[in-house]
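Keep the structure in view as you read.

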Amino acid sequence: MADALSGMVDLGMFSRGITEEEKAKGCWWLAVTKDAVLPTINASNPWIDQIRKKGISHDQFEKIFIRGEITKWNEIFGQGEGNKINVYTRSDACGAAQMWGEYLGKDQESLLGIGVFGDPGMADAVKNDMYSLGFNNVIYVYDLKTRKCYDKMGVVPIDLNNDGMINAEEDFYSTIDDVTIATKTGKYPSPPARDLYFVSKGKPTNTVVIEFLKWVLSDGQKYVEEAGYVNLSVEKISEELVKLNP
């Protein structure tokens with residue numbers, strides 16, 4: 001965003017919503033794809049069967065990441081003894097942490113946890129800690145070749161209807177393709193799913209830049225899913241193309 005607003009670059013890539021302050025500085029933006037931030041867990045967590053069966057609700061995530069009221073794994077399910085939840089967050093300013101914070105009604109600065117740098121750092125922290133709980137963008141959770149979760153990585157299903165169980169409508173984490181469909185259809189909520197943007201200082205006037213953006217929203221969309229992202233809907237593409245009109 002800083003490079004785009006300074007005019008240093010024609011286009012910047014941006015992964016959270018545009019603020020009023022950024023709009024006031026002349027930011028112009030174009031949605032080009034969608035992505036999702038997923039709550040992640042170590043696949044060897046001793047509670048993983050319970051987690052996959054019952055999920056974790058929005059309120060429980062809030063009590064873990066924002067309020068610090070749930071600190072042990074057994075406290076989620078109200079039974080037995082449990083180890084401490086090792087909560088991880090991002091130490092660098094990023095769209096993933098901001099969107100996870102917004103899902104919980106706050107922002108990145110409000111998230112509790114051990115700060116780690118970057119999506120790869122978060123993924124490594126989760127994989128190397130049996131009692132970890134973090135969040136990652138989709139392509140750091142799923143192997144694009146096998147379409148399944150990376151070794152040692154698991155996804156925490158969100159109990160969307162708060163009934164204490166993960167039903168068929170909420171169970172869409174087996175493969176990256178399942179998550180992609182859930183994100184595209186809105187089954188997976190936004191936030192933490194969100195549009196990804198190109199941003200610039202004012203509307204682009206360079207013909208080459210405009211033609212590139214038109215390509216991204218047309219023929220370029222066929223490359224989106226193989227890269228691990230989500231195609232925009234036909235309606236959304238039409239809305240974005242209008243922004244490129246003279």
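Buried means under 20% relative accessible area, exposed means over 50%, and partly exposed lies in between. The model is predicted.

Glu-22 has 10% relative accessibility, so Glu-22 counts as buried. Its salt-bridge partner is Arg-16, at 2.6 Å from N to O. Arg-16 has a relative accessible area of 21%, so Arg-16 is partly exposed. Side chains of opposite charge can pair when their charged atoms come close.

How many salt bridges does the structure hold? There are 16. Another joins the side chains of Glu-62 and Arg-67, with 3.7 Å from N to O. Arg-67, at 38% relative accessibility, counts as partly exposed.

Now turn to Lys-187 and Glu-169. They form a salt bridge, and their closest N and O atoms are 3.4 Å apart. Lys-187 lies in the loop between α8 (176-185) and β7 (193-201), while Glu-169 lies in the loop between β6 (153-155) and α8, so the pair ties together parts that are 18 residues apart in sequence. Lys-187 is partly exposed, at 40% relative accessibility. Glu-169 reaches 53% and counts as exposed. Some salt bridges share partners: Asp-59, Glu-62, Lys-63, Arg-67 and Glu-69 are joined into one network in this way.

Next, the interior. In soluble globular proteins, nonpolar side chains tend to be buried together. The largest nonpolar core here has 47 residues, and Leu-38, Phe-61 and Phe-65 touch the most other members. Helix α6 (residues 95-103) gives the most to this core, with 5 residues. What does Phe-65 touch, not counting residues up to four places away in sequence? Its contacts include the aromatic residues Tyr-88, Trp-100 and Phe-135. Also among them are Val-87, Leu-104, Leu-111, Leu-112 and Leu-133. Ser-110 and Gly-134 are touched as well. A second, separate core has 21 residues, including Ala-31, Leu-213, Val-216 and Leu-244.

Finally, the surface. Which residues make a nonpolar patch of about 300 Å² there? Phe-212, Trp-215 and Tyr-223 do. Phe-212 sits in helix α9, which spans residues 207-216. With 35% relative accessibility, Phe-212 counts as partly exposed. Leu-213, by contrast, belongs to the second core.

Notes:
Residues are numbered from 1 along each chain as its sequence is written. This is a predicted model: local features need pLDDT of at least 70, side-chain atom pairs count only at pLDDT 80 or more; totals for chains, interfaces and linings use all residues. Side-chain values use heavy atoms; hydrogens and water are left out. Patches are made of residues with over 30% relative accessible area and no salt bridge: like charges are joined within 9 Å, nonpolar side chains (Val, Leu, Ile, Met, Phe, Trp, Tyr) within 5 Å. Accessible areas come from the Shrake-Rupley method with a 1.4 Å probe; for residues, only the protein chains shown count as cover. A salt bridge is a side-chain nitrogen of Lys or Arg within 4 Å of a carboxyl oxygen of Asp or Glu. Helices (H or I, at least four residues) and strands (E, at least two) are DSSP runs, numbered from the N terminus. Buried means under 20% relative accessible area, exposed over 50%, partly exposed in between (1.4 Å probe, protein chains only). A nonpolar core is a set of buried Ala, Val, Leu, Ile, Met, Phe, Trp, Tyr and Cys residues joined through side-chain atoms within 4.5 Å. Contact means heavy atoms within 4.5 Å.
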